[in-house]
Amino acid sequence: MSDINLQEIHDFLVEIAKKAGEMITAAHPTIGATGNKKNSVDLVTETDQAVEKLISTELQSKYPSFSFMGEETYKPGDTLTDAPTFIVDPIDGTTNFVHSNPYVSSSLGVAINKKPVIGVIYNPFTQILYSAIKGKGAYMNLTEKLPFRQPESLADGLSKAQVAVEWGSDRSGNDLAVKSQTFLKLTSSKEEGGAMVHSLRSYGGAALNLCGVAAGHLDAYWEAGCWAWDVCAGWVVLSEAGGIMVDANPGNWDPRIEERRYLAVRGGEGQKEFVEEFWGYVQGKFEVGV
Ligand code: IPD
């Protein structure tokens with residue numbers, strides 16, 4: 001680890017993210033030309049695959065000793081090792097992409113010893129780049145430090161919070177019930193036993209959601225079902241901005257990158273109490289990742 005130059009890798013990832021962005025904005029995906037993975041809402045396009053190919057080719061030629069985990073080439077059973085590993089989602093927000101909704105990013109992360117250490121997330125439509133190196137802070141467009149301002153206290157808890165959630169692509173069974181019943185609890189009035197959050201937001205991209213929490217636009221992001229490549233890069237941006245990542249299921253303060261269940265909370269006084277309050281509204285237990 002000591003002879004790995006994290007800054008140099010970060011700078012290279014920024015270059016690659018920009019190249020990936022050119023491919024993404026030049027593509028014109030159509031809803032009809034979309035392939036499915038697990039089911040009819042787990043989408044993939046030729047652009048996802050071509051962009052991953054571009055990224056993996058560039059990374060493997062410059063860093064041949066690093067491992068690579070990418071959304072489009074992942075095989076069930078592949079697991080993260082302690083080796084330095086690029087963890088990549090070529091297009092996070094594929095559903096948005098095929099619907100021409102610009103909440104889309106390339107998410108390029110690096111983990112060492114299974115811990116996230118570099119994150120680069122680039123939205124080529126808005127040209128906003130989020131990036132972070134462990135121990136060196138988080139930035140928007142390389143110069144604006146995150147969070148944008150001194151974070152307000154979280155002591156007022158969920159009743160003052162704007163929370164991102166995602167429906168994801170698991171549309172049946174226990175986990176869908178846990179999500180939808182928890183959404184109901186989070187939004188409903190105190191009189192009905194709810195948290196009455198200011199709002200729930202479902203933007204459709206895990207990586208940008210994590211950057212939103214890092215920046216302070218969002219107070220929290222809660223999801224189960226997403227993957228290491230959805231969260232690795234954003235995790236570094238989040239933690240370098242003072243946020244924390246815990247399990248979406250109550251009780252686990254130290255989730256793995258591959259946990260598949262996450263609750264991200266922005267920086268600010270009262271963070272721990274905020275997590276505990278949130279966990280108190282979770283209706284049941286997610287099975288994914290267990
Ligand atoms: C998905 C998005 C979505 C989230 C899913 C992810 P993809 O990633 O981040 O917001 O709900 O869990 O899998 O498929 O667009 O790369």
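Hi everyone, let me start at the interface: between domain 1 and domain 2, the rule finds two salt bridges. By salt bridge I mean a side-chain nitrogen of Lys or Arg within 4 Å of a carboxyl oxygen of Asp or Glu. Lysine 38 makes a salt bridge with aspartate 170, with 2.8 Å between the closest N and O atoms.

A word on the numbers before we go on. This is a predicted model, so local features need pLDDT of at least 70 and side-chain atom pairs count only at pLDDT 80 or more, while totals for chains, interfaces and linings use all residues. Residues are numbered from 1 along each chain as its sequence is written, and side-chain values use heavy atoms, with hydrogens and water left out.

Now the layout. Domain 1 covers 6–145 and domain 2 covers 157–281, with bounds from an automatic or database domain assignment. Their C-alpha centres are 21 Å apart. Counting contact as heavy atoms within 4.5 Å, 43 residues of domain 1 touch 27 residues of domain 2.

How much area is buried between domain 1 and domain 2? About 2,600 Å², with carbon and sulfur atoms giving 66% of that; this is accessible area (1.4 Å probe) that the two parts lose on being put together, summed over both. On the domain 1 side, Tyr103, Pro116 and Tyr130 lose the most, together 25% of what that side buries.

The interface also has twelve residue pairs in polar contact, both partners at pLDDT 80 or more. That term means N or O atoms within 3.5 Å, one able to donate a hydrogen and the other to accept it, and residues adjacent in sequence count only through side-chain atoms on both sides. Strands here are DSSP runs of E, at least two residues, and helices are runs of H or I, at least four, numbered from the N terminus. Strand 6 gives the largest share of that face, eight residues. By type, the face splits into 20 nonpolar, 13 polar and ten charged residues, with Gly counted as polar and Tyr, Cys and Pro among the nonpolar ones.

Strands 3 and 4 run parallel over four bridges, and phenylalanine 68 stands opposite phenylalanine 86 in strand 4.

Back to charges: how many salt bridges does the structure hold? The count is 14. Aspartate 254 and lysine 115 meet in a salt bridge at 3.8 Å, N to O. This pair links distant parts of the chain, 139 residues apart: aspartate 254 sits in the loop between strand 13 (244–246) and strand 14 (261–265), and lysine 115 in strand 6.

Over in helix 2 (residues 46–62) we find glutamate 58. Its side chain makes a polar contact of 2.9 Å with that of lysine 19. Beyond neighbours within four places in sequence, glutamate 58 touches Phe12, Ile16 and Lys19.

Two backbone details to finish. Asparagine 113, in the loop between strands 5 and 6, has a positive phi near 55° although this residue is not glycine. And leucine 146 and proline 147 are joined by a cis peptide bond, omega about -5°, with proline 147 in the loop between strand 9 and strand 10 (162–165).

Conventions:
Pairing = 2+ DSSP bridges.
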